[in-house]
Amino acid sequence: MAVPARTCGASRPGPARTALPWPGRGPRPGPGARRPPSGPPRPLLLLLPPLLLLPLCAAPGASAYSFPQQHTMQHWARRLEQEIDGVMRIFGGVQQLREIYKDNRNLFEVQENEPQKLVEKVAGDIESLLDRKVQALKRLADAAENFQKAHRWQDNIKEEDILYYDAKADAELDDPESEDVERGSKASTLRLDFVEDSNFKNKVNYSYTAVQIPTDIYKGSTVILNELNWTEALENVFIENRRQDPTLLWQVFGSATGVTRYYPATPWRAPKKIDLYDVRRRPWYIQGASSPKDMVIIVDVSGSVSGLTLKLMKTSVCEMLDTLSDDDYVNVASFNEKAQPVSCFTHLVQANVRNKKVFKEAVQGMVAKGTTGYKAGFEYAFDQLQNSNITRANCNKMIMMFTDGGEDRVQDVFEKYNWPNRTVRVFTFSVGQHNYDVTPLQWMACANKGYYFEIPSIGAIRINTQEYLDVLGRPMVLAGKEAKQVQWTNVYEDALGLGLVVTGTLPVFNLTQDGPGEKKNQLILGVMGIDVALNDIKRLTPNYTLGANGYVFAIDLNGYVLLHPNLKPQTTNFREPVTLDFLDAELEDENKEEIRRSMIDGNKGHKQIRTLVKSLDERYVDEVMRNYTWVPIRSTNYSLGLVLPPYSTFYLQANLSDQILQVKYFEFLLPSSFESEGHVFIAPREYCKDLNASDNNTEFLKNFIELMEKVTPDSKQCNNFLLHNLILDTGITQQLVERVWRDQDLNTYSLLAVFAATDGGITRVFPNKAADDWTENPEPFNASFYRRSLDNHGYVFKPPHQDALLRPLELENDTVGILVSTAVELSLGGRTLRPAVVGVKLDLEAWAEKFKVLASNRTHQDQPQKQCGPSSHCEMDCEVNNEDLLCVLIDDGGFLVLSNQNHQWDQVGRFFSEVDANLMLALYNNSFYTRKESYDYQAACAPQPPGNLGAAPRGVFVPTIADFLNLAWWTSAAAWSLFQQLLYGLIYHSWFQADPAEAEGNPEARESSCVMKQTQYYFGSVNASYNAIIDCGNCSRLFHAQRLTNTNLLFVVAEKPLCSQCEGGRLLQKETHSQRTARSSVNWCRDRDTGEARISALTTTRRKIPQTAAAELPSRRRWASWSPCSCCSSWACLLGRSPKSTPTPRAASERPLLPLPRPPRLSPAPPPPHPALEPHFLPHRRT
């Protein structure tokens, strides 16, 4: 019985709501069918049997037509499948290309990728590369310690006594406002000549070192001049290191005084505004100069803290957070009468980049009110540090308190939590200019082995928030050689232009003594570092033998990737490391979590898994098989992994020993052959050392041809594997033109082009004129169609990419096409591989017309349309009834490919929910599609305007008239606070606001890293064909959906919506800003609690190694688990042993030692020691 069309607005009879399956159709979704997690109410979807589909509406003029029967639509689907398969068999040339490969079997060999051998070889090569840098580091550190020990301090040293190259000299000479220009201090600065060096991507001078001194440090101070004096001797060691290893890049010594001396010399890359670079705040310096720490920052937000003081506190906390690395754990709380965390974190979390952003955002919302309660703040901090149920560093423990002053010393709290062992250091910061007694703050620091600092203005923040690192370096100095181990940093952006690098670091200790018979100073002189560019490590990995979807990756002990094809930060900030977790670089699943944990633990392993992978254009998700193999890289913090699809187990290696054949095939690369043989794009690979790269493929091909006229493919300066495979594939694809394409009329089947792409790097497009509209990547390994075709069986359709925010496609000159591609699978001697992809480019407009004919009651285009009179009933089809019937082809990502609606042709390539939201939601609810949500942690977003969150109205003290009339009030702290707020708010307001001019010229001000939420759709579990109804109350809508076999298409036939009641929720596919960013820490934490985000748990696996198992791990793993620290009661983490078997060192080992003279601080000297304190608890104040 035919299903009549419905009348809009007519009520449906009761029996029609009963849902029964159709004969021969798959089961309808049950209660467990997939549903979106959130969104507006969804329409009820009912599967209706033909006998119960009563007349619903009869559209005017359409009474003679009914909705097509299921067998009719299945017949249309078969016709579409046959048409696609026929075109691909004739023009694709899959079978013919197989025969061509077999005919040329003598020109290549089939090689095997052995995963275990490959990863072990690459791991060994990386180990050798890094070991050479380690040896250079040790030579530098030993030399620096000896030079400083032999140096004699000079109190009367002058600037003219020191001759050095000031890296910032040229920039400061160009700046008329520079203080050094006014002082005329450039007399001691060398003038150097530089030469361009491609390895450094910079102009360098190999005969000298360069010196960089932070802007806020006076270059003429005695401390700086003495530092320049003894570090000058490092120049010869730098030069000798480069002589022994010419591949060395930047060699750097970062001094604890802020001086940076690096080799080779190059001018400093100064920003347009103030240069805030300070080596002591660089990630590599922080990691090398201190040991892991647990830190709780408590901030006084009582009513007296308002205006400028509160702003200074907020800035100070942010600067303090910048001194922490991924080895540290932190929490931030505010207190007045009560203490509470400023963010959603209720315990210590890892101080990674994302967590610190949460804290920084939350700190800006602090409001001053209430009274000061030190007891509440310290009790909260000690409870945080004593919580043993969470992952933490469990090494140095410290409390940082920022306040404007108070009278309470909270001695009872220290007696309860910290005395007599004093395992927690307390650092106190007096912020702002006030008249409070600071003696209690000094006492608290002295009594708990800490420091006391004053921050009266914004200029004192940077120096005073980083000085505590000197204290944490003392246990390393006391441990001596046992603590001097090379550490490798996270990936970060080099400040001198090398790009992404990792740095090997080694601390440099002060070996001088205060006097004869005295102990050595417990100070770190600085950190020695040597950079290794990621590109140098990548060169050690196999590039093109693994195929388009095979790759090598490496992770560190925190699970952050060192190497990965998806490590592509959109914006880099040299102040922050690039931290991308392995599970964020790929689509996460349980198997990958297990692999990650095994790699962090230093194990070997191999596992084949079924997993999801995202396409290069991030529009599609494919379910694929992958083989993972991994091994540790000995003597380093890294583990190496290899990922191979099953079809990449074997690969082709050309063997073109016949030079005549080489010349013959090479001629098909010449532009003169393109008219007859089709246009050739060659992959922009490093075929030879002297080949000039270019982003323009025509220019690159020209450079390649010019070079090949000078050298042969067997030249030593060329990659013979790449060249031979390129030339071989040039000849093979030319034979495909000769056997298949040249004699075919593409217009007969409405084709714009045919093409073939190969592993060897050739993309041949025929005819030549079609290359003008070819927009795919000339590197096949970076082309989405190529990689997806290898991972999918059958024909893969790829409509033109179109964003909803852009204008519709312009159908002019028939240039808009749809790519259809498929992989060529070879079986040679029982070995299967896929060395090429072939395909066609369909003319969109012509195939849209053909689609209507194939989905109609006509057998061919010339047959007249069937007319249906008012007295007879006919089934609707996609051609005659296109005003009432919607027929579309949608690909596996949910993007529109073809439609019978002419007005939708310019919407081809859009997500179908943007075309018909109601129908797309129905397909999703019926399990034709499955949704996958993921997050891009490397995205770049426009900066958010700064909020005026200095102090909310409730936090500002408003005096009454009685106060003004009271003389005593004018001498009170409240009066001073109000005056300070008004005065400094006017004078120093610009310090806390972004400079518009700077924002325009500074890329970092324009963009910042953020997290973007991505949603992809892929085919669900439903493979059957069935009809359904979208029930929207008074208006219903029939639809039919069926997968087309051997393609990635879904054929959908539906009634056109005539009623607004059917407008339901809309599925989103476009990338959106995620609430996992610091913009909303509450949502961030909610995601974390529900398991959607890994803020600290997944980045701390190495911390979970049991102490009893530490001795069983390799030596590098024991060190990673028990890093050097200043635990007052245990040296176990220094020596890599369990603390149970380690004696407690005497506290006297940390008695105060006289450091090198430093510039005076802004704060006064501390008071005399408290009578109850032992002498070794004196604060170490440098004057």
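Which residue in β27 does Gln111 stand opposite? View 1 gives the answer. The model is predicted, so local features need pLDDT of at least 70, side-chain atom pairs count only at pLDDT 80 or more, and totals for chains, interfaces and linings use all residues. Residues are numbered from 1 along each chain as its sequence is written, and side-chain values use heavy atoms, with hydrogens and water left out.

**View 1. Strands β4 and β27 pair in the antiparallel sense.** Gln111 stands opposite Tyr651 in β27. Strand β4 covers residues 108–112, and five bridges link β4 to β27. Two strands pair if DSSP finds at least two bridges between them. Strand β27 spans residues 650–654, and four of its five residues are buried. Buried means under 20% relative accessible area, exposed means over 50%, and partly exposed lies in between (1.4 Å probe, protein chains only). Helices (H or I, at least four residues) and strands (E, at least two) are DSSP runs, numbered from the N terminus. In a regular strand the side chains alternate between the two faces of the sheet.

**View 2. A disulfide joins Cys688 to Cys718.** The structure holds two disulfides. A disulfide is a pair of cysteine sulfur atoms within 2.5 Å. Here the S to S distance is 2.0 Å. The pair links distant parts of the chain, 30 residues apart. Cys688 sits in the loop between β28 (679–682) and α22 (697–708). Cys718 sits in the loop between α22 and α23 (720–741). Both Cys688 and Cys718 are buried. The link is right-handed, with 105 degrees about the S-S bond.

**View 3. A disulfide joins Cys878 to Cys887.** The sulfur atoms lie 1.8 Å apart. The torsion about this S-S bond is about -85 degrees, so the disulfide is left-handed. Cys878 is buried, because its relative accessible area is 0%. Cys887 is buried too, with a relative accessible area of 0%.

**View 4. Helices α2 and α23 cross.** Helix α2 covers residues 94–103. The axes of α2 and α23 come within 10 Å and cross at roughly 130 degrees. That makes α2 oblique to α23. Axes are lines fitted to C-alpha atoms, for helices over the stretch in contact, and angles run from 0 to 180 degrees between N-to-C directions. Angles under 35 degrees count as roughly parallel, over 145 as roughly antiparallel, 65 to 115 as roughly perpendicular, and the rest as oblique. The crossing of α2 past α23 is right-handed. A crossing is left-handed if the near helix is turned anticlockwise from the far one by less than a right angle, and right-handed if clockwise.

**View 5. Asp589 caps the N-terminal end of helix α19.** A side-chain oxygen of Asp589 lies 3.1 Å from the backbone nitrogen of Asn591. Helix α19 spans residues 590–600. Its buried residues include Ile595, Met599 and Ile600. Gly602 follows α19, and its phi is positive, near 80 degrees.

**View 6. Asn549 makes a polar contact with Tyr647.** Asn549 lies in the loop between α17 (534–538) and β21 (551–555). Asn549 is buried, because its relative accessible area is 4%. A polar contact is a pair of N or O atoms within 3.5 Å; within protein, one must be able to donate a hydrogen and the other to accept it, and residues adjacent in sequence count only if both atoms are side-chain atoms. The side chains of Asn549 and Tyr647 meet at 2.7 Å. Another polar contact, of 3.4 Å, joins the side chains of Asn549 and Asp791.
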